[in-house]
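Trainee: Could you walk me through how to read a sheet and a pocket?

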Amino acid sequence: MSSFLPSRYLPETPDPHGLDPNPPARADGPVGVLLVNLGTPDAPTAPAIRRYLSEFLSDPRVIEIPQWIWQFILQGIILRIRPRKLVPRYAGIWLENGSPLTVYSQVQADRVQDLLTEQGHDVHVVLAMRYGNPSVVQGIEALRAKGCERILTVPMYPQYAASTTATAVDAVCTYAARLRNQPELRFVKRYPTLPAYIQAMADKVRALWQSQGKPQRLLLSFHGLPQRTINQGDPYHRDCMDTAAALRECLGEDGHLVHVSFQSRFGAEKWLQPYTEPTLKAWAEQGVRRVDVMCPGFLADCLETLEEIQVECQEAFLHAGGEQFRYIECLNDDETWARGLTGLVKQHLQGWL
């Protein structure tokens, strides 16, 4: 009779010893690590960008207005116009083997896997994207196929925000809710002052300054959020300030060059300030001629860093009277960061390894 009753859960492989009166002892099996970044279109084409934006902007954690209103705007206006405009911007940053965000995120995942294997740990590391491919579901399925019944999720966002970290947790838990035999789950919430993260950024800054001289100012451009989300309890702004303070301290006597701004404002409401592009314009008009910009909130370069900062903001600064604009790339394939990320993973795997 039970075979005719539909199950609310996804199919599972039955345990061959599930009904044994004296089953053999269970082996612990390998541990799984799911690294989750935001996501990117599959290709620099209008259809691919439209699919990505539809998924990304339909998340109620990303756009916190009633969905019946927002979906009318999104599907009826934004997705009809925006994808075509973004094609040349994505095409301009695309690498031979894919989106920079995917390429460099995979490099980091592969390096963490290599380091854990070299240290003798039975751990499988998989990359997933919260929106787009490879999906969170695909990532978890890949780890479960390898026998992982313990999974650590590491969002690739050093600073916590409900619209980034929390939605990655949501995706993992939503899939787990469909499983009869759930894995044991752990999550990393934030790491805005992780020593290896700060050190890796400081090393990049010092290397540039030692070879090509110091700027008048170093601007840390974080992704913005509506200010109301902070007023409602989101800790993101504080995490960003913690990162900036830690980097200032690490840079020592040069820490006074560090300033903070927020980019990628969307819509008409008030977002976290100061805004990046207006700040750069104002500096140039005030006589600041040499600036360096880096984006600590992004662990891998993407449209927001390579196009919005390196192209649009550079043009705005130079047009307003600036003379030298240098973008310092994200941590990407940095070895110090790869070892730091591995250390973070091991810290949160205590008791599982």
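Trainee: In which sense do strand E5 and E6 pair, and over how many bridges?

Mentor: Two strands pair if DSSP finds at least two bridges between them, and strands (E, at least two residues) and helices (H or I, at least four) are DSSP runs numbered from the N terminus. Here, in a predicted model where local features need pLDDT of at least 70, side-chain atom pairs count only at pLDDT 80 or more, and totals for chains, interfaces and linings use all residues, strand E5 (residues 217-223) pairs with E6 in the parallel sense over six bridges, with Leu-219 opposite His-259 in E6. Residues are numbered from 1 along each chain as its sequence is written, and side-chain values use heavy atoms, with hydrogens and water left out.

Trainee: What is the order of the strands in the open sheet?

Mentor: The four strands run in the order E6-E5-E7-E8, with parallel pairing. Strand E6 (258-263) and strand E8 (324-328) stand at the edges with a single partner strand each, so one side of each is left without a neighbour in the sheet.

Trainee: Which helix packs on the sheet?

Mentor: Contact means heavy atoms within 4.5 Å, while axes are lines fitted to C-alpha atoms, for helices over the stretch in contact, with angles from 0 to 180 degrees between N-to-C directions. Helix H10 (residues 303-319) packs on the sheet and touches E5, E6, strand E7 (290-294) and E8, its direction making about 170° with that of E8.

Trainee: By class, which residues does the lining of the second largest pocket have?

Mentor: Counting Ala, Val, Leu, Ile, Met, Phe, Trp, Tyr, Cys and Pro as nonpolar, Asp, Glu, Lys and Arg as charged, and the others, Gly among them, as polar, that lining has nine nonpolar, six polar and nine charged residues.
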